[in-house]
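Please look over the following protein model before reading the notes on its fold and on selected sites.

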Amino acid sequence: MQNAVNASTTGSSGPIVVAGAGYAGLHVAMRLTAKLRNHPNVELTLVNRHDYHQVLTELPRVAGGTRSADAVRIPLQDTLATRVRFVQTEITGFDLPGRRLLTGAGPIGWGRLVLALGSRPNDFAIPGLAERAISLYSATDAERVWAAANHALDEAAAATDPEKQRRLATVVVGGGGATGVELAGELAEILPEAASAHGLAPDRPAVQLVEAGPTILAGSSQQLIDKATKILADLGVQVHTNATIAAATEEGFRLRDGQLVEGGVFVWAGGLKAPELVADSGLPTGHNGRVKVDQYLRALDHPEIYVAGDLASVVDPRTGHVLPSLAQVALEEGETVARNLDAELKGRPLEAFTFHNKGFVVSVGTRRGVADIAGITTGGHVAHLLKDAIEWEYRESVKHLRGWDPISQ
Ligand SMILES: Cc1cc2nc3c(=O)[nH]c(=O)nc-3n(C[C@H](O)[C@H](O)[C@H](O)COP(=O)(O)OP(=O)(O)OC[C@H]3O[C@@H](n4cnc5c(N)ncnc54)[C@H](O)[C@@H]3O)c2cc1C
């Protein structure tokens, strides 16, 4: 079979350890549970710092106060079969020759390791950014954004000078990718009403979106970009493109051209990188510290380690580009990894990973969005409904996979 390697050449004994319970890791663990039905002796362990899975795609709603943080934290005990041993701990390093994960709960030995540790915000060493801006990469971060926005509205309400009120009630979002656009849209729609509740005129709050590149939603079709730009303008979001942040200061984001973007709350959604501990691991890494993998999603030169999700640097052979950091990519990679681990156990050939793009959907505000699906671009309410449907379907899929528990059935 083309694109396949026989598992018998790689060996497959010992426990399977999945590091990270995000989109990729949780799905590897859940899908593998059912496949291990005929291998009762194979130990399957999932390691994660929290005892919940975070639905990161819904964070902009938490940051805009329309969803509670707990609603995007799915308890792992509700999703994992009893077959899976769960260890809640911080992974601190790797002992690759000894095949051990180093953790706060002690070393965890593996026969096969699945690395699915996701991303960390990348501040590109912009001076002051880490201190001045809130990143958006967890439910707690999103809560902080909403709390900061409310605090800023309180401060603005206490001020008397309208200009000062406007400055304090302005949220500045750095990064015009999907996360930045979703957050800016959500806040622009919510803040006027929130302002009234704080005793502030509804026209005082403002949202500014600062993007270093020539366009928001880089890499998307021009039609999609135009539609998103129009909705943002409609919502009153001021978009700055070709606006590279040189420093984050007490006054605001200082751009490379000297301009100052002032505000009361600063959020950073401008870039991602691999977690630092991977950089020191000895694994082969590429762009942004992501782990280079072969076509079966195994770390190069480490056939005993699979990598999935944001952490994997997977080149799409059709475009020559590394696949983007997206939940749909992480889920598909998780499926391939689960199938390949199963194939190893059964002595079957491994399967090469192929990404099947289902399209791109971004919400812009609480009622509208933009979508590129099968070459068709839509904007407006339908796109927002699509986004809702994708989120609903994801939660249903998690419930459905839980139903696969061979022990409880
Ligand atoms: C605000 C936001 C909005 C997004 N919106 C979309 C969207 O609309 N559509 C889309 O397709 N994608 C979206 N994404 C991207 C998507 O969420 C990621 O691509 C996806 O989460 C990657 O999955 P993953 O499993 O690789 O990592 P994650 O889901 O990040 O999971 C990694 C897991 O590893 C754990 N972990 C990490 N380090 C350690 C450690 N040292 N010790 C123990 N545990 C550790 C983490 O706690 C986490 O549970 C969004 C991302 C963000 C932040």
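This is a predicted model: local features need pLDDT of at least 70, side-chain atom pairs count only at pLDDT 80 or more; totals for chains, interfaces and linings use all residues.

Residues are numbered from 1 along each chain as its sequence is written, and side-chain values use heavy atoms, with hydrogens and water left out.

**Overall fold**

- The protein has 11 helices and 26 strands; helices (H or I, at least four residues) and strands (E, at least two) are DSSP runs, numbered from the N terminus.
- A compact globule of 409 residues would have a radius of gyration near 22 Å, and the protein agrees with this at 22 Å. The radius is taken over C-alpha atoms, and the globule rule is 2.2 Å times the number of residues to the power 0.38.
- Along the principal axes, the C-alpha atoms fill a box of roughly 70 × 40 × 40 Å.
- Buried residues make up 52% of the 409; buried means under 20% relative accessible area, exposed over 50%, and partly exposed in between (1.4 Å probe, protein chains only).
- Of the contacts between residues at least 6 apart in sequence, 67% join residues at least 24 apart, where contact means heavy atoms within 4.5 Å.

**Helix 1 and helix 10**

- Two packed helices are described by the angle between their axes and the distance between the axes.
- The axes of helix 1 (residues 23–35) and helix 10 (residues 327–346) cross at roughly 35° and come within 8 Å. Axes are lines fitted to C-alpha atoms, for helices over the stretch in contact, and angles run from 0 to 180 degrees between N-to-C directions.
- Residues making the contact include Tyr23, His27 and Arg31 of helix 1, and Ala330, Gly334 and Glu335 of helix 10.
- The contact residues divide into 10 nonpolar, two polar and five charged. Ala, Val, Leu, Ile, Met, Phe, Trp, Tyr, Cys and Pro count as nonpolar, Asp, Glu, Lys and Arg as charged, and the others, Gly among them, as polar.

**Glu182**

- Glu182 lies in helix 7 (residues 178–197) and is buried, at 6% relative accessible area.
- Its side chain makes a polar contact of 2.9 Å with the side chain of Lys387. A polar contact is a pair of N or O atoms within 3.5 Å; within protein, one must be able to donate a hydrogen and the other to accept it, and residues adjacent in sequence count only if both atoms are side-chain atoms.
- Beyond its neighbours within four places in sequence, Glu182 is in contact with Thr57, Pro60, Val361, Val362, Ser363 and Lys387.

**Ser325**

- Ser325 is in the loop between strand 23 (312–313) and helix 10 and is partly exposed, at 27% relative accessible area.
- The side chains of Ser325 and Arg290 make a polar contact (3.0 Å).
- Setting aside neighbours within four places in sequence, Ser325 is in contact with Leu272, Arg290 and Asp310.

**Positive phi in loops**

- Most residues other than glycine have a negative phi.
- Leu217 has a positive phi near 50°; this residue is in the loop between strand 13 (206–210) and helix 8 (222–234) and is buried, at 2% relative accessibility.
- Asn242 has a positive phi of about 50°; this residue is in the loop between strand 14 (238–240) and strand 15 (245–248) and is exposed, at 56% relative accessible area.
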